[in-house]
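Morning, everyone. Please look at the model on the screen while I talk.

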Amino acid sequence: MSEPRKLYVKSFGCQMNVYDAQRMTDQLAREGYVETATPDDADLVILNTCHIREKAAEKVYSELGRLRKQQEELGRRTMVAVAGCVAQAEGAEIVKRAQGVDLVVGPQSYHRLPELLAEAESRGTHKRAKIVETEFPVEDKFDFLAPPSREAIARRGPTAFVTVQEGCDKFCTFCVVPYTRGAELSRPVGKILDEVRRLADGGVREVTLIGQNVNAYHGDDGHGRPAGLAELVRRVAEVPGIARIRYTTSHPRDMDEELIAAHREMPALMPYLHLPVQSGSNRILTAMNRKHDRELYFEIVARVRAARPDIAFSSDFIVGFPGESDEDFADTMDLVEKVGFAGAFSFKYSPRPGTPAATSDDQLPEDVKNERLYALQALLERQKQAFDQACRGRRLDILLEKPGRLPGQLIGRSPYLQSVVVLAPRAAIGSLAQVEVREVSTKSLAGDILGGEFFETQVPPSGGPRGEAGLRPAEKVEA
Ligand code: 5AD
Ligand code: SF4
C-alpha cells in the first residue's frame, strides 16, 4: 500500500477561511490526504488567502517565496495551490507573479479541488501548465463538499464554525467582499441543521454561525419560505448537545426585532455581539455607503442592551478613509466613548483595486492614518481592559476547550470570548463550568471552578469513593 499523501493548509484572514480550510481538508481526506503540521513534508500545500487589505493580500506572495526557497533547500517539489480571496481577485496574475504555483482556485470552486488537482498533476512535473479556476459555478458547492469525519470533529475541539451565509450585496465603497465572495447566498435551514447535528454528535458544544453578512440570512425553511437568522438560531439551539450559539459578522441595518428578541429569550445565544460600525461620522458613513448612520447604531445598541442587559459589544473600525477630517475622526472617538466596547478590530484604510473608494482623490497621508489608528486603539484597549477588570469576582460560564500551558490547566472561553485558565482534568474538556474569576491579565483571565456539568456528574453525593477525575473542584483549584 502506498503512503497517504500529506496536506498542509495555511489559512489567512477571517473565520470563513478557517471553516473553508477545514472543508477542503475534509474533501481531500476522501482522496487519501492526511494533514501535516508543516510544509516541509507536505505533498500538497494550500494557501488559503485573504484580500481584505493590501497587507493581508501581500502575505501570499511572501509565503510563496518562502515556500519556494524552502523547497529548493530540501530539494523536493510540492504541489502548491492558492485558494481564497486573493485567488478569486487576482486569478492568473498569481501564476505570473509567483513561480511554483500549480493551481489557483476561488472560494466557490472548493468542491472541485480533487479533479482540479488531478488535472494539475497529470500535466507533469516539469512543464506544469497552471490551472486557474475562479468561476462562480451554478452548482452549490455546499452540496458537494464532504462532511468532516467524527475523528476530525473531535480533533478540532468543542467549538466549530458553520457557514450559513456567504457573500454580500451591501457594496461598502472600501470593501472587496462583494467581488471576491460574490452575491449573498443563504444555505437552507435543513442542510445547516444536518451539519450542526453531525458536529454535536462528534462532541461540539458551541457553534458560531458565520457569514459575511450573517444577519441578512434568509435560507429556505424547508417549506419554501425564507427563515431569518433568529429562526435559524432557534432551530440550532434545539439540536441536542449544543449549549452555545454565536453569529458573526452582522450589519447594523439587518439587526431586526426578531433577532434582538432572540437575545432576550435564548440563554444559548451568547451575550457578545460583533457589530461593525466602521466610523462614527455620518459624513464618512455616507461616503462608505454603509446604509446606516451613527444614530441608528446607537439605537440598535440601546435596543439590544434593553433585551439582554449583560451583553457586550465588539466592532470593526476603519481610520483614514478618503476625506476623513479631524472632526470626522473625533466623531468616531466620541461614538466609541458613548458605546463602550469589550473588544474591537481597527484598521487603517487600505485602497483595494476595483472598489470605488480606491480611486478617490482624497486619500490621506500615511502619518495621519497612523496617528488616528494609534489614538483609537489606545481608547479601545482601555475599554477592553476596563471590561475585563470588571469581570473580576464575577461568576461566568466557561466552555472548557483545551489543555493549558501548565499541567493540570485547561483553557476555556467565557461568554465574552475571553480566554479563562482554570485547574481541571482533561476529561472535562467539552463541558461547561461555572467559574469565579480571580485574576485578570491583558491576555487572559484565571478563575476557580464552582461547579458545572462535568463536576456535578463526577462528584459523588457524600463521602463516597472519588475517581481520578472526581476530585472536588475546590480541591483541584487549591492543588
Ligand atoms: N481597508 C481597511 N479595512 C478594511 N476592512 C474592509 N475593507 C477594508 C479596507 N479596504 C475592514 C472592515 C471590515 C473588516 C473585516 O475589515 O472594518 O469590517
Ligand atoms: Fe464588506 Fe460592507 Fe459587505 Fe461587510 S457589509 S462584507 S464591509 S461590503
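Start with a rule: two strands pair if DSSP finds at least two bridges between them. Helices (H or I, at least four residues) and strands (E, at least two) are DSSP runs, numbered from the N terminus. In general, strands of a sheet pair through backbone hydrogen bonds, either parallel or antiparallel.

Now some housekeeping. This is a predicted model, where local features need pLDDT of at least 70, side-chain atom pairs count only at pLDDT 80 or more, and totals for chains, interfaces and linings use all residues. Residues are numbered from 1 along each chain as its sequence is written, chains are lettered from A and ligands numbered from 1 in the order in which they are written, and side-chain values use heavy atoms, with hydrogens and water left out.

First topic: the sheet. Three strands form an open sheet in the order β14-β15-β16, and the pairing is parallel. Which strands are at the edges? They are β14 (272–274) and β16 (343–348), each pairing on one side only. From one strand to the next, the twist averages 10 degrees. Strand β15 covers residues 312–319, and three bridges join β14 to β15. Find H274: it stands opposite S314 in β15.

Next, the helices. Axes are lines fitted to C-alpha atoms, for helices over the stretch in contact, and angles run from 0 to 180 degrees between N-to-C directions.

Helix α14 (residues 366–389) also packs with helix α13 (residues 326–339), at about 10 degrees, with axes 10 Å apart. That makes α13 roughly parallel to α14 (angles under 35 degrees). On α13, the contact residues are D326, F329, T332, M333, V336 and E337. On α14, they are R372, A375, L376, L379, L380 and Q383.

Last topic: ligand 1. Which residues are around it? Among them are R53, F174, Q278, D316 and F347 (each has a heavy atom within 4 Å of the ligand). An N or O atom in the R53 side chain is 2.8 Å from an oxygen atom of ligand 1. A polar backbone atom of F174 is 2.9 Å from a nitrogen atom of the ligand. A polar side-chain atom of Q278 is 2.6 Å from a ligand 1 oxygen atom.

F174 is also among the residues around ligand 2, including C168, H251 and R290.

Conventions. Parallel < 35°, antiparallel > 145°, perpendicular 65-115°, else oblique. Contact = heavy atoms within 4.5 Å. Polar contact = N/O pair within 3.5 Å; in protein donor to acceptor, adjacent residues only side chain to side chain.
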